[in-house]
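Here's a quick walk through one model, going from its sheet to a couple of residues and then a helix pair. Have the coordinates open while you read.

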Amino acid sequence: MNIAIVGASGAVGQEFLRVLDEQNFPIDNMRLFGSKRSAGTTRTFRGKEYMIEELTHDSDFSGIDIAFTSAGASTSKEYAEVITRHGALMIDNSSAFRMDEDVPLVVPEVNGEDALNRPRNIIGNPNCTTIQMVVALKPIDNLSHIRRVRVATYQAASGAGATAMEELKVQTGQLCRGEKPVIEKFKYQLAFNVIPHVDVFTDNDYTKEEMKMFNETRKIMHSDIRVSATCVRVPVLRAHSEAIWVETESPLSLETVREAFANAPGLVVMEEKDGEKFYPMPLDIADKDPVYVGRLRKDLCDDCGLSFWVVGDQIKKGAALNAVQIAQWLLANDPRFAN
């Protein structure tokens, strides 16, 4: 396979390199693209140095089979035609095309077959919070249709990029030394705080991040499911957590749901450790591939309700890994890519 990574110098771009190597993805040739600022710098992959090329309207993607893009929505929109005009498949990590009808939005464990219908040769990689949630919702929905979801997220600094993670580290040190913290990346101090505000507010007082969870979940699951979300930034470096409540059409036993979770691809049940009750936490889940679920219980307010806790690494499954898994699904199922 001939691969390109657009946005190679960013946090997700760097994660693409790590994940491609970890997954032993078959690569014959690779090209890296970035901004004018990062052009000329190099990255090492499988013992070989690759120079980052500046992405321009004259960039030539001929011969590229798959381009993984993570350079922001405006860049994706501006350069989509440049990337795809010679036949390259663009797997885009931004929000640019997610809700376009002619662009599939794919989580392989949930709707991998949607990747086969891509008239613009673009596949959308969903929002990080949506990805880990739908991996857990799918096995429940297979048992009984989910009517409603209420979710509160606990989102790590990693969701806002490498500079946000660095700011959290710097602020923590400043506060421990009794200094006034520098606030640049977020509107408010994140260290020793939680901020119930991720992305910009919309007209209905939900943020764009919260509306992504509503709209993207419906598209991915081909469902009339309704999602009400409150997205919160927390002082964690990496891995997002979510407290989820679901209402199904029919009551489900915990044993049935637990078995469905255990058999679901990409999902790990974590409820016991050394004979005691246990649960996934971002400290333990950071840098791991699967989505982890725990604290499964019946909702005390609803006979058809369930409540559970989900944790996933935002940069891995929430971004780079899911994109690479889309490509892996195509290698196994698409005649264009299948060996």
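What follows is a short tour of a predicted model.

Let's start with the sheet. Seven strands make it up, and it is open, with the order β3-β4-β2-β1-β5-β6-β7 and mixed pairing. The edges belong to β3 (42-45) and β7 (122-124): each has a single partner strand, so one side of each has no neighbour in the sheet. On average, neighbouring strands are turned by 25° against each other, direction ignored.

At the β7 end, β6 and β7 run parallel and are joined by three bridges.

Now for two residues worth a look. I66 sits in strand β5 (residues 66-69), while S94 is in the loop between β6 (89-92) and α3 (108-111). Here is how they come out on accessibility:

| Residue | Relative accessible area | Class |
|---|---|---|
| I66 | 0% | buried |
| S94 | 7% | buried |

Both values matter against the cut-off: buried means under 20% relative accessible area.

What does I66 touch, leaving aside its neighbours within four places in sequence? The list is M1, N2, I3, A4, L89, I91, A327 and F337. As for L17, that residue lies 49 residues from I66 in sequence, and the C-alpha to C-alpha separation is 14 Å.

S94 has a polar side to its story. Its side chain and that of S76 are joined by a polar contact of 3.3 Å, and the S94 side chain also reaches the backbone nitrogen of A96 at 3.1 Å. Neighbours within four places aside, S94 is in contact with T69, G72, A73, S76 and N125.

Finally, the helix pair. Helix α4 (residues 128-143) packs against helix α6 (residues 208-221) at an angle of about 40°, and their axes are 10 Å apart. Are the two roughly parallel or oblique? Angles under 35 degrees would count as roughly parallel, so α4 and α6 are oblique to each other. Their crossing is right-handed. On the α4 side, the residues that meet α6 are C128, T129, T130, M133, V134, L137, K138 and D141. From α6, E209, K212, M213, E216, T217, I220 and M221 take part.

Notes. Residues numbered from 1 in each chain as written. Predicted model: local features only at pLDDT ≥ 70, side-chain atom pairs only at ≥ 80, totals over all residues. Heavy atoms only, no water. Helix = DSSP H or I, 4+ residues; strand = E, 2+ residues; numbered from the N terminus. Buried < 20%, exposed > 50% of the residue type's maximum accessible area, 1.4 Å probe, protein only. Contact = heavy atoms within 4.5 Å. Polar contact = N/O pair within 3.5 Å; in protein donor to acceptor, adjacent residues only side chain to side chain. Pairing = 2+ DSSP bridges. Axes fitted to C-alpha atoms, helices over the stretch in contact; angles between N-to-C directions. Parallel < 35°, antiparallel > 145°, perpendicular 65-115°, else oblique. Left-handed = near helix turned anticlockwise from the far one by under 90°.
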